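These are my notebook entries on a structure that I consulted before planning further reading. I set down what I looked up, entry by entry.

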Protein chains: 2
Amino acid sequence: MKRLRKKHPAVRDLGEFGLIRELRGIVGSSGNSVVVGIGDDCAVLRGDNPHKYLLYTCDPVVEGIHYRPTDPPRKVGWKTMARNLSDIAAMGGVPRWAVVSIGLRRGTDVRWVKQLYAGLQAAAKAFGCQIVGGDTTRVRHEQFVVVALVGEVERSRITLRGGAKVGDSILVTGTLGGSLRGKHLSFTPRICEARWLVAHFPVHAMIDLSDGLSSDLHRMAEASPRGIGFEIHAAEIPISRAARGNLSAALHDGEDFELLFTLDPRHVTALRQKWARRFRTELTEIGRVVNSKHKVALIQRDGSRQPLTASGYDHFAAS
Amino acid sequence: MKRLRKKHPAVRDLGEFGLIRELRGIVGSSGNSVVVGIGDDCAVLRGDNPHKYLLYTCDPVVEGIHYRPTDPPRKVGWKTMARNLSDIAAMGGVPRWAVVSIGLRRGTDVRWVKQLYAGLQAAAKAFGCQIVGGDTTRVRHEQFVVVALVGEVERSRITLRGGAKVGDSILVTGTLGGSLRGKHLSFTPRICEARWLVAHFPVHAMIDLSDGLSSDLHRMAEASPRGIGFEIHAAEIPISRAARGNLSAALHDGEDFELLFTLDPRHVTALRQKWARRFRTELTEIGRVVNSKHKVALIQRDGSRQPLTASGYDHFAAS
């Protein structure tokens with residue numbers, strides 16, 4: 001728990017979740033065209049097609065926070081676009097159009113900017129998305145890149161965070177932890193896997209892992225009906241090679257950008273078989289959705305059960 | 001003219017226009033759903049409604065560049081949203097949905113952020129736009145706010161930059177220059193005026209004045225067919241009170257956010273009469289679209305004619 005030392009709290013006192021809760025209050029209830037506003041991976045909007053929803057998301061990437069000044073600009077571009085694509089994947093959607101805002105120092109080499117753009121463009125193109133506009137501005141200190149992305153999804157296939165049902169299996173794609181060793185700059189957004197999933201199986205809830213498994217499980221729990229808990233098994237968590245056997249890294253490291261989803265356990269066997277024929281990406285059942293007053297719990301290898309706190313990455317709390 | 005002193009140019013050497021030209025080359029030709037990509041006030045997209053286009057734009061605002069740290073945060077929020085609304089106005093459209101990315105220092109007072117959001121929300125709400133999502137991140141130095149905005153416009157009413165015809169009258173709303181004395185933080189985006197205009201008159205070309213009349217006339221000229229020139233009269237330029245009679249300020253200052261448009265001169269009398277009954281905002285005919293090898297020319301009060309160079313605000317060239 002962070003203590004509020006001042007009468008007027010600063011951003012660091014509220015943290016990212018707390019701040020978003022405050023801002024949601026200002027924006028207020030959304031109108032008729034807005035199915036889901038602030039609080040899921042994307043906003044969900046009613047456009048003119050009665051069979052589809054529009055998806056809308058944005059994500060900023062800042063020098064010194066999300067990448068180092070020495071990281072290859074092509075990878076920085078890829079990462080920035082891929083983070084947004086991952087949000088579209090989490091809703092079961094396809095990306096359509098992106099706009100890009102870039103803050104640049106005056107002395108930045110034009111080659112750096114062109115390579116950044118080549119990376120943005122490569123990630124967009126790989127998943128059928130088009131960069132259709134953008135704007136640049138000058139900054140004095142740290143550079144930034146913001147992508148906003150519009151996608152779409154069939155109304156019958158959309159996957160929200162809050163749809164988990166008691167009894168559901170909890171599954172995760174890929175392996176977790178240690179993303180900072182390299183994966184965070186070159187990961188593959190799970191668009192193809194998500195599209196296949198929502199086309200073939202009745203997925204109840206889905207989110208992409210951006211802030212760490214523990215944090216994102218809490219986000220899913222908070223979006224779920226009251227009394228629903230998520231129970232995962234330490235022995236089942238797929239730990240990435242980069243995390244070197246460190247369970248804590250797999251539970252709490254951010255920027256995995258894998259999919260976390262729930263569905264009725266009777267589908268799991270068929271899903272696993274078909275998945276293995278279709279993808280090389282791992283798919284692991286890590287737990288169950290339960291009736292519980294604890295939102296997220298971890299079952300240790302010895303069978304003991306303990307609440308799992310959200311200790312993933314928080315920009316503002318991180319020192 | 002800026003000289004390229006290094007083998008590999010920096011952002012400052014190309015300037016904002018040059019940089020955008022370079023990046024446009026990387027993004028390449030746009031697909032079937034993209035009517036206009038990079039290079040107008042908004043991207044123009046074919047959605048599912050055969051009678052409408054989607055409009056899509058984004059615009060970054062940076063502390064120390066677009067506002068001072070001491071400026072009231074509510075005004076900073078208003079300005080950020082209004083800049084984007086102005087881009088939608090320039091296409092004759094209505095704004096629908098916005099997403100917001102904010103970069104914040106850890107020590108920023110939460111009240112500052114809430115007031116910023118209140119300003120964003122006030123501007124959005126005033127013009128029927130909804131803030132549907134967003135993301136925050138930490139920065140170490142200058143804070144930033146990026147808004148991305150989706151709007152729509154009837155296909156029959158869209159106004160692009162490049163549609164001017166020889167013989168057209170050139171008109172401008174409001175008064176120009178001196179925006180930095182205050183208007184830049186509290187201006188009214190010309191959504192209502194633009195919507196009325198495109199509903200009642202066949203506007204050929206339109207742009208919003210973001211970088212200064214001279215620069216934005218050059219943007220319009222560059223988007224127009226070859227051989228088309230824009231001739232404006234010094235005596236007709238509506239100079240704002242804040243510019244204190246300074247023609248140069250009215251020609252070159254940025255952030256006026258007024259509308260510049262062209263239409264057949266036979267409509268001008270009717271337009272003026274109806275406009276005066278409908279709006280308090282000034283409307284001034286400032287010149288003509290002509291056959292000319294000079295893209296933009298200024299007719300002085302003594303009748304002499306000289307090329308008008310684009311010397312509006314350029315983030316990267318500005319020292």
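Predicted model: local features only at pLDDT ≥ 70, side-chain atom pairs only at ≥ 80, totals over all residues.

**Entry 1: domains of chain A.** I looked up the domain assignment of chain A, which gives domain 1 (31–154) and domain 2 (169–307). Their C-alpha centres lie 24 Å apart. To the contact, domain 1 of chain A gives 17 residues and domain 2 of chain A gives 15 residues. I then asked which elements of domain 1 of chain A give two or more residues to the side that touches domain 2 of chain A. They are α2 (73–90) and β4 (94–104) of chain A. The largest share, 10 residues, comes from α2(A). By class, I noted 10 nonpolar, 2 polar and 5 charged residues on this side of domain 1 of chain A.

**Entry 2: positive phi.** Most residues other than glycine have a negative phi. I noted two residues with a positive value.

- Arg244(A) has a phi near 50 degrees and lies in the loop between β9 (228–233) and α7 (247–252) of chain A. I counted Arg244(A) as exposed, because 11 other C-beta atoms lie within 10 Å.
- Phe257(B) has a phi near 55 degrees and sits in the loop between α7 (247–252) and β10 of chain B. Phe257(B) counts as buried, because it has 25 C-beta neighbours inside 10 Å.

Technical notes. Residues numbered from 1 in each chain as written. Chains lettered and ligands numbered in written order. Domains from an automatic or database assignment. Contact = placed C-beta atoms within 7 Å. Helix = DSSP H or I, 4+ residues; strand = E, 2+ residues; numbered from the N terminus. Nonpolar A, V, L, I, M, F, W, Y, C, P; charged D, E, K, R; others polar. Buried ≥ 20, exposed ≤ 12 C-beta atoms within 10 Å, placed from the backbone.
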